[in-house]
Amino acid sequence: MTEWSSVMSEEEAAGYENQYGLKERHQKFLEIMVRFDSFCRKNGIHYSLSDGTLIGAVRHQGFIPWDDDADLLITRDEYNKLRERIRDEKEILLFRIGVLDRITIPEMLDEHVYVDLFILDEVPSFRLKFHLLKAKCGFYRCYFLNIYQLGNSAHQGGARKIIEPILYRLARIQVGKRDVFDLYDSLFSRPVRHDSMTKFTAFIDDMRLRFPKRLFEEAGYTDTMFNGRKLMIIKDTDTVLREMYGDYLSLPPEDRRKPEHCIDMMNAPTDCIRWYNKAQ
C-alpha cells in the first residue's frame, strides 16, 4: 500500500478539502459508512469500498481530497442478505433512486447526504447474451432518466435527444402498472452459466468492466483504516482498480483535481425513489 507522504502531504490534501468545502461532507460520508460497517459486521454481511473511495483508501488512506461522493459495492448474494436484515433497522436507511441503491442515516436525510451502493451481478460471458442484457438494462434506465429529465440534459445532444424520449414512451408502455424497480432486479435473478463473470450493474453499458467471480468469492475481503476508522475492502484491490482506472496510484493532472458530482439525486420525483426500510 502506498504511503500517504509519497503521494501528497497532509497540508496539500487539506488545501483541496478547504478549497472545495469538502471537509464536513467527508465527515458525514464517513459517519454513514462507519454505521453501515457496524450493521454489516453485526449481520455477517460483506461489502467493499469502491471506485474513488477505494482509490482513496489505497492511495490516501482516506478520501481523495477533492472527491465529493462516496461509493460502496456489494455482491447480489450479500445485497439480498442486506435487504432481508435491514427491514426493521432504524439507524441505516437503504433506498434506490432509479437503478442505483444508496445508503444514508436518519440524521442526514434532510441534508441529502448519502453513499452510493453498487450491486455486483453475474452476467453472461457470451457477448451476444451480454449485449441483450445490456439493452434491457438501458431500456429501464431510460425510463428513469427521462422522468428525472437527465436523459435530455444539455450535455447530451444529437441522436440521443431524439431516441431517448421514444424509448422512454416505449418503456412506460411495457412497464404499465408493474413495479419498475422489481422488473429491473428480475433481469439479474436468472441463473447464469458457470463461466459467468461478476460485474457492476450500474456500468453494464461498459463491456470491459467485468471481474472474475474469484475476486469476491475466493480472495475475499479484508479491513483497512480509512480516515482513522476501520472499514471493509476487497482483498485484491489492485486487480479491481487497475481494471477500472489503469494507473490509479498516480495523481491526476491538476486541472482534474476537482469535484465531479453536481447532481443531487434525492431531488428526483418520488416515483423514481424506492425506500426499503423507511415508512413513507
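Two residues are in contact when heavy atoms of theirs lie within 4.5 Å. By that rule, residues 24 or more positions apart supply 71% of the contacts in the protein with a separation of 6 or more.

This is a predicted model, in which local features need pLDDT of at least 70, side-chain atom pairs count only at pLDDT 80 or more, and totals for chains, interfaces and linings use all residues. Numbering runs from 1 along each chain as its sequence is written, and side-chain values use heavy atoms, with hydrogens and water left out.

Start with the overall build. The protein has 10 helices and 10 strands. These are DSSP runs, numbered from the N terminus: helices are H or I with at least four residues, strands are E with at least two. Of the 280 residues, 51% count as buried. Buried means under 20% relative accessible area, exposed over 50%, and partly exposed in between (1.4 Å probe, protein chains only). The accessible surface comes to about 14,100 Å². Carbon and sulfur atoms hold 50% of that surface. The areas come from the Shrake-Rupley method with a 1.4 Å probe; for residues, only the protein chains shown count as cover.

Now go inside. A nonpolar core is a set of buried Ala, Val, Leu, Ile, Met, Phe, Trp, Tyr and Cys residues joined through side-chain atoms within 4.5 Å. The largest one has 82 residues, and Met33, Leu49, Leu82 and Phe216 touch the most other members. Helix α3 (residues 23-42) gives the most to this core, with 8 residues. In soluble globular proteins, nonpolar side chains tend to be buried together.

Take Met33 next. Beyond residues up to four places away in sequence, Met33 touches Leu49, Thr53, Phe63, Ala70, Leu72, Val115, Phe226 and Leu231. Thr53 sits in helix α4 (residues 51-59). Thr53 is buried, with a relative accessible area of 1%.

Strands β8 (residues 221-226) and β9 (residues 229-234) pair in the antiparallel sense over 6 bridges. Pairing requires that DSSP find at least two bridges between two strands. Phe226 stands opposite Arg229 in β9. The hairpin has 2 residues between the strands, and Asn227 takes a positive phi near 50°.

Last, the cysteines. How many disulfides does the structure hold? It holds 0, counting pairs of cysteine sulfur atoms within 2.5 Å. Cys40 is buried, at 0% relative accessibility. Cys272 is buried too, with a relative accessible area of 2%.
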